[in-house]
Amino acid sequence: MTAWMVRTGHGPAHPNSGRRGTAGREGDAKSRGRGVSRVPGLLAGTAALLALACGVGVAHGADGGASDAPGGHGAHGAPAAGASSQEPGGSGDPSRTDDVASAGGSAWMRAAGVFSPPGSFVPSDALTYDTRLVPAGARIEVTQLADPSGTRVGARLRGLVPGRAYGMHVHTSPCGADPAAAGPHYQHRPAATADPVNEVWLDFRTDEEGDGRAEALHSWGFREDGARSVIIHDRQGGAGERAACFTVPFGPHGQG
């Protein structure tokens with residue numbers, strides 16, 4: 001697999017536009033459910049949790065190497081015991097893969113999908129609104145490692161435009177045919193401006209093969225059903241046109 005590039009630094013805070021000019025229809029915001037769990041991903045998630053239970057560190061820092069559990073920007077230990085796995089429900093998206101594992105107060109989630117335009121013959125939970133920036137067939141994987149001390153979110157992408165900067169944020173609603181259906185940025189505390197401390201920013205730059213990687217670590221966790229998707233934007237920072245969207249089953253672990 002091609003090496004993943006790490007996201008660039010964040011720019012200054014911007015007004016939290018969160019939405020495009022066109023209003024999203026409520027019907028587009030309904031989730032399509034989750035896909036079928038696969039054993040390799042479950043084993044990877046369980047291994048990550050067992051590593052935490054045994055005191056083995058997970059990669060930290062903005063330049064950390066790729067791993068099955070996303071890297072972070074600081075210490076984030078999570079003692080765990082009695083690992084178990086859960087399988088998500090079915091979905092109409094045959095390209096989707098969801099894996100989850102939990103142990104003690106820790107939980108690991110992985111969601112992967114293949115982008116296609118809205119209304120495609122084969123349904124997808126990964127939608128591209130601009131195939132020049134996010135081609136049909138491009139792939140995305142989003143992971144979450146959460147415990148009472150916070151949440152670590154990682155993203156890996158393949159098949160995008162080589163050598164290009166993209167913005168990406170966690171949003172509040174599932175994806176829909178209308179790009180606005182995903183709602184505004186998820187915010188830990190309501191605010192009029194967008195910033196990477198109060199929100200989950202996953203800006204990244206692709207390598208020469210169009211692959212990219214991003215990671216973010218926060219001391220807080222998502223609210224129940226508060227974070228439902230990631231949006232890829234045409235530029236980095238707090239705003240930008242919505243180029244693609246992926247519905248993700250983020251968990252509400254961590255402290256508010």
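This is a predicted model: local features need pLDDT of at least 70, side-chain atom pairs count only at pLDDT 80 or more; totals for chains, interfaces and linings use all residues.

Biologist: Which residues is Val134 in contact with, beyond its neighbours within four places in sequence?

Modeller: Phe115, Thr128, Leu160, Tyr166, Ile232, Ala243 and Ala244. Thr128 sits in strand S5 (residues 126–128).

Biologist: Why is Thr128 called buried?

Modeller: Its relative accessible area is 1%. Buried means under 20%, so Thr128 qualifies. Its side chain also has a polar atom 2.6 Å from the backbone oxygen of Val134. Beyond four places in sequence, the contacts of Thr128 include Phe115, Ser116, Pro117 and Pro118. Ala136, Ala243 and Ala244 are among them too.

Biologist: Now the charges. How do you know that Asp98 and Arg96 form a salt bridge?

Modeller: Their closest N and O atoms are 2.9 Å apart. The limit is 4 Å, so the pair counts. Side chains of opposite charge can pair when their charged atoms come close. The structure holds seven salt bridges.

Biologist: Are Asp98 and Arg96 buried or exposed?

Modeller: Buried. Asp98 has a relative accessible area of 1%, and Arg96 has 3%. The cut-off is 20%, so both fall under it.

Biologist: What makes Glu141 and Arg110 a salt bridge?

Modeller: The closest N and O atoms lie 2.8 Å apart, against a limit of 4 Å. The pair links distant parts of the chain, 31 residues apart: Glu141 is in strand S6 (residues 139–147) and Arg110 in strand S4 (residues 106–114). Glu141 and Arg110 are buried.

Biologist: And Arg132 with Asp130: why is one called exposed and the other buried?

Modeller: Asp130 comes to 16%, which is under 20%, so Asp130 is buried. Their closest N and O atoms are 3.1 Å apart, and they form a salt bridge. Elsewhere, salt bridges that share partners join Arg96, Asp98 and Asp125 into one network.

Biologist: Where is Glu215, and why does it count as buried?

Modeller: Glu215 is in strand S11 (residues 212–218). Its relative accessibility is 3%, under the 20% cut-off, so the label is buried. Glu215 and Leu202 are 13 residues apart in sequence, with their C-alpha atoms 6.0 Å apart in space.

Biologist: On to the rings. How many aromatic pairs are there?

Modeller: The count is five. Tyr186 and Phe222 form one, edge-to-face, at 5.0 Å centre to centre and 80° between the planes. Tyr186 is in the loop between S8 and strand S9 (193–194), and Phe222 is in the loop between S11 and S12, 36 residues apart. Tyr186 and Phe222 are buried.

Biologist: Why is the pair of Trp220 and Phe222 called edge-to-face?

Modeller: The centres are 6.2 Å apart, and the limit is 6.5 Å, so the rings pair. Trp220 is buried at 7%, and Phe222 is buried at 3%. Tyr186, Trp220, Phe222 and Phe250 form one aromatic cluster.

Biologist: How do you know that the charged end of Arg164 sits over the ring of Tyr166?

Modeller: That end is 5.3 Å from the ring centre. The distance limit is 6 Å, and the position must also be within 35 degrees of the ring normal.

Biologist: Finally, how many helices and strands does the protein chain have?

Modeller: One helix and 13 strands. Buried residues make up 54% of the 256 residues. Among contacts with a separation of 6 or more, residues 24 or more positions apart account for 71%.

Conventions. Residues are numbered from 1 along each chain as its sequence is written. Side-chain values use heavy atoms; hydrogens and water are left out. A salt bridge is a side-chain nitrogen of Lys or Arg within 4 Å of a carboxyl oxygen of Asp or Glu. Buried means under 20% relative accessible area, exposed over 50%, partly exposed in between (1.4 Å probe, protein chains only). Helices (H or I, at least four residues) and strands (E, at least two) are DSSP runs, numbered from the N terminus. A polar contact is a pair of N or O atoms within 3.5 Å; within protein, one must be able to donate a hydrogen and the other to accept it, and residues adjacent in sequence count only if both atoms are side-chain atoms. Contact means heavy atoms within 4.5 Å. Rings of Phe, Tyr and Trp (its six-membered ring) pair if their centres lie within 6.5 Å; planes under 30 degrees apart count as stacked, over 60 as edge-to-face and the rest as tilted.
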